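Colleague: I would like to learn how to read helix packing and the nonpolar core in a model. Could you take me through one?

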Amino acid sequence: MISLRTIFYTTRQLLPSLTGGVWGWVFLSLLLFTSCAKEELDSKSVFEDKPTTEKPFDTWLFENYVMPYNIDLKYHLEDKETDFQYTLVPATTENSVKVAHVVLYCWLQAYDEVAGAAFTRQYVPKVIQLVGSNAHNKKGTVVMGTAENGMKVTLYAVNFFKTDRSTLNTYFQIMHHEFTHILTQNKEYDTEFRTISDGDYITGDWSNKFESESLAAGFITPYAMSEYNEDFAETLSYYLIYTATQWTSKLKLAGDEGAAIIERKIELIRKYMLTAWDIDIDELRDVLQRRINDVVAGKIDITSLE
């Protein structure tokens, strides 16, 4: 709309050329009326309320994630939730449904069974982001999952999801690892754990180590060598995803000295989880393994939205 100040000064410049002051004010009045008349607002808003149709999957997520756990599971590739260093593809709805079912059955409900639903609801990460493609690093490595400050977990390669044990272990190792950080941030573990491998942590150089080297040095993975908090989380997460037989095999590969260090670490972890959270990690592992076996065997319908 033309401002009144502009109209007034423009008209005042024209008045001397008009005959009579009265006609000048008539002209000004007409100009003001015309200018304002053109700017009358339409009562109809340009922002129309369009009804949105909620997908059955969204309803299912609300009932199975939001209501019981206060978790926002995101399966659309949202810019604000995405790491722009990677070229990524959205997750398909079909595979997102499968992953959502498996995470619910093999992770959330497993903790419910052992520690109670109130415990799970309070401490689990509040955002789970699903991405369709892998995240490829410049070094040629592939990222299957990431975690951020105990509040968000991102799972990649959802479009390639399979219900074999190897794929499931990859996803759940990440989730157990991050959940361990949340628990230790809420209740500190015994500082004795930090002294077991004190002087052997190598920070950024861990990526140059082979598994055989880390095991021999008393670390369950090379990443566990980065610092003691990661060591704690790695040790517990792998203890939970491995069967008893697989765990024993890893200790054999570590040799007598490496195995003794890892066993000392797991004993302190076992004590911490029992005293701080009233969770028996051997019972938890049994529950997790049973549920993973159910999925691998096809006993659980991971496509239903009923």
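Colleague: Which residues does F172 touch, leaving out those up to four places away in sequence?

Modeller: In soluble globular proteins, nonpolar side chains tend to be buried together. This is a predicted model, and in it F172 touches V102, V103, C106, W107, I241 and I292. F172 and Y65 have the most contacts inside the largest nonpolar core, which has 77 residues.

Colleague: How do I read the packing of α4 and α6, and at what angle do their axes cross?

Modeller: Two packed helices are described by the angle between their axes and the distance between the axes. For α4 (residues 93-115) and α6 (residues 165-186), the axes come within 11 Å and cross at roughly 35°. The crossing is right-handed. From α4, the contact uses V102, V103, C106, W107 and Y111; from α6, it uses L168, F172, M175, H176 and F179. By class, nine of these residues are nonpolar, one is polar and none is charged.

Colleague: What about α6 and α10: which hand does their crossing have?

Modeller: That crossing is left-handed. The axes of α6 and α10 (residues 244-277) lie 12 Å apart, at an angle of about 60°. The two helices are therefore oblique to each other.

Colleague: Which residues of α6 and α10 meet there?

Modeller: L183, T184 and N186 of α6 meet Y272, M273 and W277 of α10. This contact has four nonpolar and two polar residues, with no charged ones.

How values were computed:
Residues are numbered from 1 along each chain as its sequence is written. This is a predicted model: local features need pLDDT of at least 70, side-chain atom pairs count only at pLDDT 80 or more; totals for chains, interfaces and linings use all residues. Side-chain values use heavy atoms; hydrogens and water are left out. Axes are lines fitted to C-alpha atoms, for helices over the stretch in contact, and angles run from 0 to 180 degrees between N-to-C directions. Helices (H or I, at least four residues) and strands (E, at least two) are DSSP runs, numbered from the N terminus. A crossing is left-handed if the near helix is turned anticlockwise from the far one by less than a right angle, and right-handed if clockwise. Contact means heavy atoms within 4.5 Å. Ala, Val, Leu, Ile, Met, Phe, Trp, Tyr, Cys and Pro count as nonpolar, Asp, Glu, Lys and Arg as charged, and the others, Gly among them, as polar. Angles under 35 degrees count as roughly parallel, over 145 as roughly antiparallel, 65 to 115 as roughly perpendicular and the rest as oblique. A nonpolar core is a set of buried Ala, Val, Leu, Ile, Met, Phe, Trp, Tyr and Cys residues joined through side-chain atoms within 4.5 Å. Buried means under 20% relative accessible area, exposed over 50%, partly exposed in between (1.4 Å probe, protein chains only).
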